[in-house]
Amino acid sequence: MGSSSSLNFLIYGRTGWIGGTLGKLCEAQGIPYAYGSGRLEDRRSLISDLDSVEPSHVFNAAGVTGRPNVDWCESHKVETIRTNVVGTLNLADVCKERGLVLINYATGCIFEYDSDHPLGSGLGFKEEDAPNFTGSFYSKTKAVVEELLKNYENVCTLRVRMPISSDLSNPRNFITKITRYEKVVDIPNSMTILDELLPISLEMAKRNLTGIWNFTNPGVVSHNEILEMYREFIDPSFTWKNFTLEEQAKVIVAPRSNNELDATKLKTEFPEMLSIRESLVKFVFEPNKKIEIKG
């Protein structure tokens with residue numbers, strides 16, 4: 001499977017942020033690809049996609065995170081299960097029947113800091129650790145699916161967290177979200193710089209890697225640290241207000257996950273991967289830097 005001539009990627013989630021970006025990356029790399037037209041919850045539609053596309057690898061970037069945020073899932077539980085649980089398992093299962101590797105863009109928001117992994121300790125959750133955060137219905141469904149998918153040896157589960165990209169106009173971008181909030185908490189977290197890591201996920205497919213992977217840049221960064229960089233590189237007049245987790249709890253329906261994931265496994269496979277701060281500067285802030293006009 002070395003040459004791209006033998007590759008043919010089938011991607012689910014065409015209208016999504018990650019799914020749309022994957023198509024552009026395939027285009028840029030000259031990898032043949034197609035978007036799935038079937039609905040994940042409709043098994044027969046997935047089989048017909050596989051029959052017509054005959055892919056070498058399948059990518060699942062479909063699913064519901066909720067609009068505008070995961071609080072939506074709290075009041076749409078059946079819809080959340082239909083896509084995130086039934087749909088994802090359907091796709092893994094039809095891929096398994098054909099011996100196809102499925103790259104599944106999952107979430108690392110299934111953990112929270114605890115006594116064994118205290119905030120600021122540098123002790124991150126590892127791939128084999130059992131999820132300990134079920135505060136939101138979204139996270140609850142994702143933890144259930146991750147556990148079931150362990151039985152499918154064809155699946156590569158990528159635990160994405162608080163995704164960030166260089167497109168600061170995208171409302172899904174973690175940086176864009178927190179710059180628009182009235183108030184933000186300030187907690188160190190593992191995060192995923194998509195500009196650096198999505199190309200790595202294509203390479204993981206080419207290497208036929210499977211199993212669970214913490215799909216975040218090494219280290220943690222806090223909300224304030226990101227907003228300080230935003231002020232430094234993008235908008236010198238930018239200001240923000242902080243509030244506590246207790247205050248945040250009053251304006252959200254479901255609690256949010258805060259954690260550090262141990263990225264050693266990914267870093268060992270891809271030694272060139274940058275730490276979260278280095279990646280933010282290189283892939284997000286430098287490309288967006290406002291040019292100062294000297295008088």
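## Helix α2 against helix α4

Helices α2 and α4 are oblique to each other, a class that holds the angles left over once those under 35 degrees are counted as roughly parallel, over 145 as roughly antiparallel and 65 to 115 as roughly perpendicular. The axes of α2 (residues 43-53) and α4 (residues 77-97) cross at roughly 45 degrees and come within 10 Å. Axes are lines fitted to C-alpha atoms, for helices over the stretch in contact, and angles run from 0 to 180 degrees between N-to-C directions. Helices (H or I, at least four residues) and strands (E, at least two) are DSSP runs numbered from the N terminus.

The crossing of α2 past α4 is right-handed, the near helix being turned clockwise from the far one by less than a right angle. On the α2 side, Arg43, Leu46, Ile47 and Leu50 make the contact, and on the α4 side Asn90, Leu91, Asp93, Val94 and Glu97; contact means heavy atoms within 4.5 Å. These residues divide into 5 nonpolar, 1 polar and 3 charged.

## Basis of the model

The model is predicted, with local features requiring pLDDT of at least 70 and side-chain atom pairs pLDDT 80 or more, whereas totals for chains, interfaces and linings use all residues. Residues are numbered from 1 along each chain as its sequence is written, and side-chain values use heavy atoms, leaving out hydrogens and water.

## The open sheet

Six strands form an open sheet in the order β2-β1-β3-β4-β5-β6, with parallel pairing; two strands pair if DSSP finds at least two bridges between them. Because β2 (33-35) and β6 (211-214) each have a single partner strand, these edge strands are left without a neighbour on one side in the sheet. From one strand to the next, the twist averages 20 degrees.

Strand β5 (residues 155-160) is largely enclosed by the rest of the structure, because 6 of its 6 residues are buried, that is, under 20% relative accessible area with a 1.4 Å probe, protein chains only. Val155, Thr157 and Arg159 point one way from β5, while Cys156, Leu158 and Val160 point the other way.

Strand β4 (residues 101-107) runs parallel to β5 and is joined to it by 6 bridges, with Leu102 partnered by Val155. The pairing of β5 with β6 is also parallel, over 4 bridges, and there Cys156 has Gly211 as its partner.

## Helices on the sheet

Helix α5 (residues 137-149) packs on the sheet and touches β4, β5 and β6, its direction making about 150 degrees with that of β5. Helix α2 lies across β1 (9-12), β2 and β3 (57-60), and runs at about 150 degrees to β1.

Terms used:
Nonpolar A, V, L, I, M, F, W, Y, C, P; charged D, E, K, R; others polar. Buried < 20%, exposed > 50% of the residue type's maximum accessible area, 1.4 Å probe, protein only.
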